[in-house]
Amino acid sequence: MPSTIWCPVCGTANREGSKFCNNCGARLEAEEGVRCPMCGHFNPPELEICSNCGARLKPLVAPSGEEETSEPIAESTSEPTGHEPELAEPIGEEKAQEEVAQSITAQQPPSEEYWIGEEEEPPPDLTPPEFAGPGEEVSPEPSPEELDFLPVEEVLPEEKEEIPAGMEEEMPAAEEVPAGVAEAVYPPPSGLLATAAAAGSEQAALFHKIVTQARPTPKALPRPTPARRTEWIIYLAVAVAIIVPLLSGGSLDTGTSISPGARSFYDALNALPAGSKVLIAHDYDPTVAAEMLPQARAILRHLGAQGAKVLSVSLTPQGPALAQQALQDTLAVEGYSYGVDYLNLGYVAGGEAGLRALARGSFFALSRDYLEGKGFAWYAISQGFSSLQNVDLIVVLAGSQDNLRLWVEQIQTPFQKRMVAGVSAQADPAARPYLRSRQIVGLLSGLVGAAEYERITGLPGRASLGVAAQSWGQAALVLLIILGNFAYFLGRKPR
Amino acid sequence: MLRRGIPTAVAIGVGILVLVDFFLGGPFLEAVGGTLVDWAILLSVFALFLGVASVLGSHLRRIAARDEGWPYSLSLLIVAALVLAAGLSGPAGPQEPLVAAIFTYVQAPLQASIFALLVFYMASALYRTFRVRSISSLLMVAAAIIVLLGQLPQAASIWEGLPGLKDWVLGIPATAGARGILIGVALGTVATGLRIVMGIDRPYSE
């Protein structure tokens with residue numbers, strides 16, 4: 001026989017598990033736990049926040065005794081500590097308190113708050129109690145009706161005393177709460193509510209102080225000296241490794257190994273007959289100019305030695321100025337004539353569309369040179385450069401992989417033009433697939449590639465000097481990796 | 001209806017024309033496609049003007065509202081006005097001596113310096129986080145050391161096989177990864193292009 005639950009109101013037997021009486025509708029479940037002061041929902045005792053409305057069920061309790069300081073309180077209200085739910089509650093409580101304050105002021109009991117609705121007539125004592133600070137004794141023993149309003153913990157005498165006692169030393173409260181603020185937020189209630197409100201006023205004052213307390217000016221934290229020291233040692237080691245070789249002016253022996261990409265790059269340029277037309281794209285900006293300009297200089301010197309006609313363009317806005325530097329340093333000083341042997345046609349606007357225009361020839365018809373601003377047709381070098389079809393070799397110097405990709409997609413693949421590329425070290429991995437697929441027939445990578453090219457051509461330049469500094473810097477980085485792992489294994493706790 | 005329909009019809013029509021021109025060619029299609037591509041260049045340059053206007057407007061608003069850091073906005077406007085005035089002061093444009101000097105002695109060193117600072121942060125990160133904590137991290141650390149040492153001109157004197165090993169790391173595993181990324185980018189570009197040509201995506205009207 002299934003067990004039954006007897007209704008405490010009408011005595012009707014209900015099936016086990018029923019929540020409400022089948023006869024009178026009375027609640028059958030035992031109302032246990034902590035009752036929410038806002039919505040009346042019963043919550044398990046371990047909860048601090050109402051699972052129904054989010055209001056705080058337990059008062060904020062400051063640490064008591066000598067251990068209490070203002071700092072932890074300030075931190076807990078201003079900085080995330082990994083317990084964000086606890087930090088969020090005061091906001092919800094504040095809103096709830098405001099709602100209660102407004103309802104008390106208007107004397108319009110919300111229908112769901114039965115404890116207000118029961119207050120038919122005000123009690124004889126209509127004088128609202130003054131706003132009390134946490135240290136003042138204002139609350140008489142709460143009446144049984146008020147027990148429904150106040151959280152369970154709040155009416156326990158010992159806890160009620162504990163909060164002001166704990167906070168008194170740190171916060172004299174009455175003086176510290178801004179004048180008028182407390183009255184505005186929590187207007188003095190009247191009647192029976194006055195008693196209940198007075199009982200909660202200490203909590204309100206405390207809560208208000210905590211949430212409105214100005215964030216203390218953070219004290220200058222002592223620097224974590226060991227970590228900072230290590231960081232500065234690292235910076236110093238890297239700086240020394242790079243700067244000393246540069247200042248000493250000595251170039252490192254670049255060894256004997258030449259990468260296959262650099263070798264095939266050289267072969268492609270070396271096979272050009274005199275008078276060949278070469279289009280060279282300076283697609284980089286000053287951030288990688290330390291790598292790309294040495295490449296450009298080494299290549300231009302080789303092209304000049306080959307007697308090639310060089311036309312320079314750029315997909316980056318700063319590229320023409322850098323290209324002009326490279327041209328001035330190489331072809332100009334070698335006695336080559338601007339407009340006859342070489343020309344800087346400047347910026348190619350439009351990205352993909354610009355390259356398509358270059359391929360069709362409309363770019364050459366419309367563009368003006370970078371140095372003098374004259375039309376392309378005005379220069380002697382324009383003879384035979386009417387379209388991309390007349391170009392014997394395209395050299396792309398790309399600081400980023402995207403610029404090389406544009407050239408391969410829009411020019412090399414559709415028109416099957418012979419192309420070599422020099423890229424910055426960061427773009428090297430993305431350029432290698434094009435080398436393996438023979439979409440580019442040669443590849444120089446970074447400053448090392450420039451130094452390799454200088455060595456192949458036998459025309460030494462600044463790349464060899466730069467690669468010495470770079471090599472010492474790389475050696476320092478390897479040393480740091482080894483030291484870091486050494487420290488890691490030494491510091492590991494044995495299992 | 002017209003507000004959305006006309007741009008969509010224009011985008012679809014232009015996209016199909018340029019696509020057909022790319023694959024089929026022919027005098028008529030080349031003329032039409034070439035004209036459309038030239039228009040695209042003009043539009044991209046006009047977009048540059050819009051971008052400059054947007055930046056200037058944004059910083060003007062920050063100055064007017066006295067937002068945090070508004071003096072930086074003011075300095076940006078002053079510098080922009082000075083460089084523009086320098087460029088327009090003569091017929092040579094970017095080759096005007098003052099513009100060339102600003103580029104050579106201000107812009108280029110600043111950009112290079114900011115990029116060069118990366119090496120210090122990289123060094124610090126290498127020391128602190130590049131740790132052998134697992135098999136995968138061991139492979140990563142080993143690859144980094146091989147490539148860093150293999151790039152050295154004296155790599156062969158450290159170990160004869162080091163340059164070859166470096167080339168293998170860069171040529172096989174790294175290239176395989178890069179190729180996968182490139183194929184992914186290509187497929188994404190094709191998908192995006194198709195969606196625009198079919199009118200599914202309408203970034204121009206949103």
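Student: Let's start with helix H9 of chain B. Which residues are buried in it?
Tutor: In this predicted model, the buried ones in H9(B) are B:Thr175, B:Ala178, B:Leu182 and B:Val197.

Student: And what covers them?
Tutor: The cover comes from both chains: it includes helix H14 (401-415) and helix H15 (428-436) of chain A, together with helix H1 (2-23) and helix H8 (162-171) of chain B.

Student: How many residues does H9(B) have, and how far does it reach?
Tutor: H9(B) covers residues 173-197, which is 25 residues. From first C-alpha to last it reaches 36 Å, close to the 36 Å expected at 1.5 Å a residue. After the helix comes B:Gly199, with a positive phi near 80°.

Student: You mentioned H15 of chain A. At roughly what angle do H15(A) and H9(B) cross?
Tutor: They cross at roughly 90°, and their axes come within 8 Å. That makes H15(A) roughly perpendicular to H9(B). On the H15(A) side the contact is made by A:Pro429, A:Ala430, A:Arg432, A:Pro433, A:Tyr434 and A:Arg436, and on the H9(B) side by B:Thr175, B:Ala178, B:Arg179 and B:Leu182.

Student: Let's pick A:Arg432 from that list. Is it buried or exposed?
Tutor: A:Arg432 has 15% relative accessibility, so it counts as buried; the cut-off for buried is under 20%.

Student: What is A:Arg432 in contact with, apart from its neighbours in sequence?
Tutor: Leaving aside neighbours within four places in sequence, A:Arg432 is in contact with A:Leu443, B:Leu170, B:Gly171 and B:Thr175.

Student: New topic: the sheet in chain A. What's the order of the strands?
Tutor: Six strands form an open sheet in the order S7-S6-S5-S8-S9-S10, and the pairing is parallel. Strand S7 (342-347) and strand S10 (443-445) stand at the edges with a single partner strand each, so one side of each is left without a neighbour in the sheet. From one strand to the next, the twist averages 15°.

Student: What holds strands together in a sheet, generally?
Tutor: Strands of a sheet pair through backbone hydrogen bonds, either parallel or antiparallel.

Student: OK, how many bridges are there between S5(A) and S8(A)?
Tutor: Six: strand S5 (residues 277-283) and strand S8 (residues 393-398) of chain A pair over six bridges, in the parallel sense. One to look for joins A:Val278 to its bridge partner A:Leu393 in S8(A).

Student: And what about S5(A) and S6(A)?
Tutor: Those two pair in the parallel sense too, over five bridges. A:Lys277 has A:Lys309 of S6(A) as its bridge partner. The two strands also make a right-handed β-α-β unit with helix H10 (residues 289-306) of chain A.

Student: Which helix makes a β-α-β unit with S6(A) and S7(A)?
Tutor: That is helix H11 (residues 319-332) of chain A, and the unit is right-handed. S6(A) and S7(A) pair in the parallel sense over four bridges, and A:Ser312 has A:Asn344 in S7(A) as its bridge partner.

Student: What lies across S9(A) and S10(A)?
Tutor: Helix H16 (residues 446-457) of chain A lies across both, running at about 120° to S10(A).

Student: Now A:Ala274. Where is it found?
Tutor: A:Ala274 is in the loop between helix H9 (260-270) and S5 of chain A. At 67% relative accessibility, A:Ala274 counts as exposed. Not counting residues up to four places away in sequence, A:Ala274 touches A:Gln306 and A:Gly307.

Student: Last one, back to chain B. How far does H2(B) reach?
Tutor: Helix H2 (residues 27-64) has 38 residues and reaches 55 Å from its first C-alpha to its last, close to the 56 Å expected at 1.5 Å a residue. Its buried residues include B:Leu29, B:Gly33 and B:Ile63. Among what covers the buried residues is helix H12 (352-360) of chain A.

Terms used: Residues numbered from 1 in each chain as written. Chains lettered and ligands numbered in written order. Predicted model: local features only at pLDDT ≥ 70, side-chain atom pairs only at ≥ 80, totals over all residues. Heavy atoms only, no water. Pairing = 2+ DSSP bridges. Axes fitted to C-alpha atoms, helices over the stretch in contact; angles between N-to-C directions. Contact = heavy atoms within 4.5 Å. Expected span 1.5 Å × (residues − 1). Buried < 20%, exposed > 50% of the residue type's maximum accessible area, 1.4 Å probe, protein only. Right-handed = clockwise from strand over helix to strand, strands pointing away. Parallel < 35°, antiparallel > 145°, perpendicular 65-115°, else oblique.
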